[in-house]
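Subject: Structure handover

Hello,

Please find the structure below, with notes on what was found in it.

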Amino acid sequence: MAKNAPPRWDRRMQQRLARGEAAALGELYDRFASLVHSQANRMLDDESAADLVTRAVFGYVWENPDAYDPKQGSMRSWVARLTHRESVQRLRREYGADEGHEEAGLEERVRRATAAARADYIVASMPAPLRAALELAYIQRRDYRQTATDLGVTEDEARRRLRLGLQLLSTAHARPLEGSPPPGYGRPL
């Protein structure tokens, strides 16, 4: 398989959606609904708005399966980008309807929400050993020695996992990496 080829599941899913297989949409929903909803809720801080974003994203995927370009990344990344775009549009509509907010305040909220959602996505996507080490150290307040003991690894390995996990998380506030799809990837929702 070529280096940039999408996983087989992504290609098959796109083909099934393009054929109009309702079961494919159900499978996609089962796989990504929690990602979509949590990302939208994190950005919007509104459960009912996150529900609407979730419906909009999966509706768009169902109606436009050919909008997914495997050359731009995985289906998971595409769905996350659609969620981000729809959430930002909702924030802009919300702020546009409320004349008391300035454009600078909106852009700051979008920037913070984007960074928080990206951090959530990074944590959810990172390998389980890194995520487990970070959860022990930062949620349960264990030092690296306790983390190593809890994970059954050496102290050096625990430090390595924590360092790598933190390096990945530090990219949440960074601009997209080179080779990442442009911000306007795909058709708008």
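Leaving out neighbours within four places in sequence, A18 is in contact with P65 and D66, where contact means heavy atoms within 4.5 Å. The model is predicted: local features need pLDDT of at least 70, side-chain atom pairs count only at pLDDT 80 or more, and totals for chains, interfaces and linings use all residues. Residues are numbered from 1 along each chain as its sequence is written, and side-chain values use heavy atoms, with hydrogens and water left out.

A18 belongs to helix α1 (residues 8-18). Helices here are DSSP runs of H or I with at least four residues, numbered from the N terminus. A18 counts as partly exposed because its relative accessibility is 43%; buried means under 20% relative accessible area, exposed over 50%, and partly exposed in between (1.4 Å probe, protein chains only). The C-alpha atoms of A18 and E63 are separated by 8.6 Å, although these residues are 45 apart along the chain.

Next, helix α3. T54 is placed in this helix. Is T54 buried or exposed? T54 counts as buried because its relative accessibility is 5%. Not counting residues up to four places away in sequence, T54 touches Y29, V36 and H37.

D45 sits in the loop between α2 (22-44) and α3 (47-63). With 68% relative accessibility, D45 counts as exposed. D45 also takes part in a surface patch of negative charge, together with D46, E47 and D51. Patches are made of residues with over 30% relative accessible area and no salt bridge, with like charges joined within 9 Å and nonpolar side chains (Val, Leu, Ile, Met, Phe, Trp, Tyr) within 5 Å. A salt bridge is a side-chain nitrogen of Lys or Arg within 4 Å of a carboxyl oxygen of Asp or Glu. Lys and Arg count as positive and Asp and Glu as negative, while His and the chain ends are not counted. The place of a charge is taken as NZ of Lys, CZ of Arg, CG of Asp or CD of Glu.

A nonpolar patch on the surface is formed by Y138, I139 and L166, with about 320 Å² of accessible area together. Areas come from the Shrake-Rupley method with a 1.4 Å probe. L166 lies in helix α8 (residues 155-170) and is partly exposed, at a relative accessible area of 36%.

Finally, R145 is in helix α7 (residues 144-151). R145 is partly exposed, with a relative accessible area of 45%. Its C-alpha atom is separated by 5.7 Å from that of E155, ten residues apart along the chain.

Regards

Methods
Helices (H or I, at least four residues) and strands (E, at least two) are DSSP runs, numbered from the N terminus.
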